[in-house]
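Colleague: Could you show me how to read a structure like this one, step by step? I would like to start with the order of its elements.

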Amino acid sequence: MPVLHIVNKSPYDRNSLDTCLRLARADAAILLIEDGIYAAQKNAAASDKVQHALGKHPIYALQPDLQARGINPDNMIEGISLVDYDGFVKLTTEYDKLQSWL
Amino acid sequence: MKFGILVNEGPYTHQASDSAYYFAAAALRAGHEIVRVFFYHDGVNNGTRLGVPPQDDRNISARWAELAKDNDVELILCVAAAQRRGMLDADEARRAGKDADNMAPGFQISGLGQLIDAGIQADRLIVFGD
C-alpha cells in the first residue's frame, strides 16, 4: 500500500518532515509543496537528512512553489525531481494513499 | 479516477486554498472527476460572496464558484464550522434570525457526513491545510 507523503512546511519552521521521514515505509515517496520546498535546498542545515532520505525514497518538489520562493533549481539537492501541478496529480494516482503532514 | 478534496484553511492565509484550487484544476484537466470539495475549519471562509480582493489579486471564492459551475463539482461547507464563523446561506440565516446571508454561488452547507462520503466514493482523498 504505497503512500505519497505530502509535506507543506519548511523544516526550519516545523518538524513535520522529520516525523514523516521517521514513519515513512520503504515503498513511500515524498512530495514537497508550499514552504516544504525549502527542504530541497542544498548546502543548508536540513540538506544532510534530505540527502540521506533520498537513498530510501523518491523525493519530488512542486516547481511552481519553488519558483514562487525564488529558489533556483540549480540550488536544489541533486536527485530531487521537479513536478508541476499535472505531475502532482499524476503522482497522486500512482500512490494508493495520500498523507498530508499538516 | 475520482478525487475528494478537503480544504482546512481559510483563503488568503497561507497557501492551502490556492494549492487545492490548482490541484483541482489540474485533476479536471487530466480528465479525472472531483467527487466533492469539502471545506472544514477555517476553510469555510472560502465560501463567502462578500470578499472584495484588490482587482489585481485572485478572487478565491469566485474562482471556486467558477470551477464548480464549469465542471459540476460540489463545494460543501461544514455546517458547524460555518455557523461558528458566520458563514450562512439564506436558510441558515433565517433559522438563526440573522439579517443577511453571505454564501457564494456554487457553495452549499452540509454535514461532516459529506466528508466521510467523499472519502468512500473517491479513489483518493487529498487534504490541504495549514
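Modeller: Helices and strands here are DSSP runs (H or I, at least four residues, for a helix; E, at least two, for a strand), numbered from the N terminus. In chain B the order from the N terminus is β-α-β-α-β-α-α-β-α-β, giving 5 helices and 5 strands. The radius of gyration of chain B is 14 Å, close to the 14 Å from the globule rule for 130 residues, so chain B is as compact as a globular protein of that length. That radius is taken over C-alpha atoms, and the rule is 2.2 Å times the number of residues to the power 0.38.

Two notes on the source: this is a predicted model, in which local features need pLDDT of at least 70 and side-chain atom pairs count only at pLDDT 80 or more, while totals for chains, interfaces and linings use all residues. Residues are numbered from 1 along each chain as its sequence is written, with chains lettered from A and ligands numbered from 1 in the order in which they are written.

Colleague: What percentage of the residues of chain B count as buried?

Modeller: A residue is buried if 20 or more other C-beta atoms lie within 10 Å of its own, exposed if 12 or fewer, and partly exposed in between, with C-beta atoms placed from the backbone. By that count, 42% of the 130 residues of chain B are buried.

Colleague: Which elements do the buried residues of α1(B) pack against?

Modeller: Contact means that the C-beta atoms of two residues, placed from the backbone, lie within 7 Å. The buried residues of α1(B), including B:Ala16, B:Tyr21 and B:Phe23, pack against α4 of chain A and, in chain B, against β1 (2-7), β2 (33-39), α2 (60-71) and β5 (124-128). After α1(B) comes B:Gly31, with a positive phi near 90°.

Colleague: How many residues does each chain bring to the contact?

Modeller: Chain A brings 11 residues and chain B brings 18. On the side of chain A that touches chain B, α4(A) gives the largest share, 6 residues.

Colleague: And how do I read a nonpolar core?

Modeller: In soluble globular proteins, nonpolar side chains tend to be buried together. A core here is a set of buried Ala, Val, Leu, Ile, Met, Phe, Trp, Tyr and Cys residues joined through C-beta atoms within 7 Å. The largest one has 63 residues, and A:Leu31, B:Ile5 and B:Phe39 are among those touching the most other members. Helix α1 (residues 16-29) of chain B supplies the largest share of this core, 6 residues.
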